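Hi,

Here is the structure I promised to pass on. Have a look at it first, and then read on for what turned up.

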Amino acid sequence: MRAWVEGTAGLQRVVEVGLRLAPTAACIPAAAAAISEIIESSPEAPVRIVGVGAEDNRVIVTLAITVGTTTEITGGAPAARLAVGLVARLVEGLASFDPAFTALPDPDSVDALIGSRVDAEPDTLARAMCVLAGAH
Amino acid sequence: MSASTIGIDAELQSAETMDLDDDTIITATHRVGRKIPDMVVGDLTEREILAMAPAMVCDRIHWSTAEPMDLTALMSDLPLTARTRAWSDGQSRIWVDEGMGQQARELIREWCERHGVEVMNMRVEASVPFRDVDSIPHGLFGELLLATTDWLYPRTYAIRRKLVADLELIDDDDTRSMMYLFISDHADRFDADRVGRNGTLNFASFMLGKLRKWPQDAARAAWGRTLIDDHMHLNQAIDESMATLHRRPTEPELAARMKTSVSDLRKREFAIAEVSGMRNYDSIISGSMGEDSEGVDAPDSVDVSAEGTSFQVDAMLTKAIIDSIMAPTSTRGTSPADPMALATVYLSFWGEMSRQELATELGVLPKTAAASVQRVISQVGAAGIL
């Protein structure tokens with residue numbers, strides 16, 4: 001999926017990358033807490049939850065990390081470098097939940113719909129994850 | 001081309017407002033520019049060096065062979081005065097006195113048949129300029145070419161960029177030696193006695209004029225005249241529409257500007273897109289790397305049958321990609337995170353963009369985007385993850 005959205009910097013496009021986290025049911029509380037914490041402590045780049053779903057015996061949480069505008073990316077701007085650093089930090093910090101790049105979910109999909117209703121507050125996220133784990 | 005069209009407009013001032021010295025010229029746009037200097041090798045000027053191999057008018061016999069051909073034996077057997085010199089395309093060329101071309105072709109053909117040399121596309125071009133540059137002693141001609149290349153190279157950035165952009169197999173590192181060979185190939189055509197409004201044309205001025213059409217000619221040679229001309233005309237028509245309509249033209253508008261039908265326009269665009277795809281062909285993605293490249297196994301060597309393993313394999317691959325993007329390199333300095341690498345790799349594999357689409361979206365050359373992806377994949381492959 002193309003991770004392009006209209007950005008705030010005029011008509012420039014913004015590149016977002018999708019990161020999928022796949023905790024098992026047993027890890028849901030820890031995963032929710034870790035995801036919330038890392039999102040809230042990452043002011044250097046916008047991170048948001050764009051999808052929550054389930055696959056096999058895992059709950060799938062998809063994060064979208066904004067890397068920057070095309071100009072910032074091709075020019076190696078500090079903001080874009082910080083965003084890359086954040087992606088690295090997410091991959092490192094959430095390693096227990098098998099973080100992997102993924103396409104951003106279709107905005108009309110069920111996962112995206114759930115993702116749009118869930119905020120980064122740990123309890124809300126954990127509840128949604130538990131429901132999905134139980135329902136699957 | 002006269003020197004007036006190729007002066008450097010370094011001092012763009014109205015011609016009426018300043019006194020002219022020896023180094024100034026009036027350009028074709030009636031401005032004052034600086035004259036390109038004559039090349040000097042040792043204590044000899046270019047004029048003195050080239051006078052050792054004066055321009056002649058000859059007939060040229062030109063052909064190609066399956067294997068590179070040593071012309072020494074042929075030259076010594078020919079019963080007429082013949083000259084040759086090396087050419088960058090590796091094809092064989094012999095120059096004979098004007099009017100002797102057809103006879104020489106038959107003699108050469110017979111000689112090749114006798115010696116079992118298979119020749120292809122042998123033809124005669126009558127009355128072409130030739131300089132016997134091999135007769136210039138002490139390697140002076142080579143030094144003149146070097147001096148000219150050294151002067152022109154830093155002043156032809158746009159030409160070099162276009163060459164690299166248009167031809168996939170050419171890298172920046174190649175352009176200097178290519179320019180040397182280009183100048184060598186065109187030395188025959190330089191007429192040192194040609195006089196324009198700014199005096200006599202010098203060697204570097206002449207070559208700068210020739211270099212302006214170099215990217216187009218090279219692209220035509222590589223991809224075919226029709227295709228490249230279509231590409232140029234399409235871009236021209238789009239530019240004109242952007243200037244007059246302030247938007248990209250519709251297909252019927254574009255077809256009207258190209259003086260063709262919409263279906264023919266689509267065919268041409270498709271052909272151009274096909275070639276563009278070939279130019280940006282990625283050997284790693286298609287799994288056909290060269291023998292000397294780092295070995296990257298096909299992904300099917302990884303066991304992904306177990307679902308848990310699949311998540312772990314994806315995570316491992318992501319970690320390897322991020323490690324590569326964050327790895328310090330000599331070019332990234334103290335701030336190693338490379339957003340370009342992350343964007344190109346992500347949009348290639350998870351955004352499912354082709355190299356061309358990627359380049360268009362990021363506003364970079366397709367080969368720049370491809371190189372960025374390839375660098376990461378090579379490092380990931382070298383780490384044994386793929």
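Before the first find, one term: two strands pair if DSSP finds at least two bridges between them. Keep in mind too that this is a predicted model.

Start in chain A. Strand β3 (residues 47-55) and strand β4 (residues 58-69) of chain A pair in the antiparallel sense, with eight bridges between them.

Now over to chain B, which has 15 helices and ten strands. Of its 386 residues, 27% count as buried. Take the contacts in chain B with a separation of 6 or more: residues 24 or more positions apart account for 62% of them.

One helix pair there is worth a look. How do α4(B) and α7(B) cross? The axes of helix α4 (residues 140-152) and helix α7 (residues 203-211) of chain B come within 10 Å and cross at roughly 60°. That angle is why α4(B) counts as oblique to α7(B). The crossing of α4(B) and α7(B) is right-handed. On the α4(B) side, the contact is made by B:Thr148, B:Trp151 and B:Leu152, and on the α7(B) side by B:Phe203, B:Ala204, B:Met207, B:Leu208 and B:Leu211. Sorted by class, the residues in this contact of α4(B) with α7(B) are seven nonpolar, one polar and no charged.

Cheers

Note on methods: Residues are numbered from 1 along each chain as its sequence is written. Chains are lettered from A and ligands numbered from 1 in the order in which they are written. This is a predicted model: local features need pLDDT of at least 70, side-chain atom pairs count only at pLDDT 80 or more; totals for chains, interfaces and linings use all residues. Axes are lines fitted to C-alpha atoms, for helices over the stretch in contact, and angles run from 0 to 180 degrees between N-to-C directions. Helices (H or I, at least four residues) and strands (E, at least two) are DSSP runs, numbered from the N terminus. Angles under 35 degrees count as roughly parallel, over 145 as roughly antiparallel, 65 to 115 as roughly perpendicular and the rest as oblique. A crossing is left-handed if the near helix is turned anticlockwise from the far one by less than a right angle, and right-handed if clockwise. Two residues are in contact if their C-beta atoms, placed from the backbone, lie within 7 Å. Ala, Val, Leu, Ile, Met, Phe, Trp, Tyr, Cys and Pro count as nonpolar, Asp, Glu, Lys and Arg as charged, and the others, Gly among them, as polar. A residue is buried if 20 or more other C-beta atoms lie within 10 Å of its own, exposed if 12 or fewer, and partly exposed in between; C-beta atoms are placed from the backbone.
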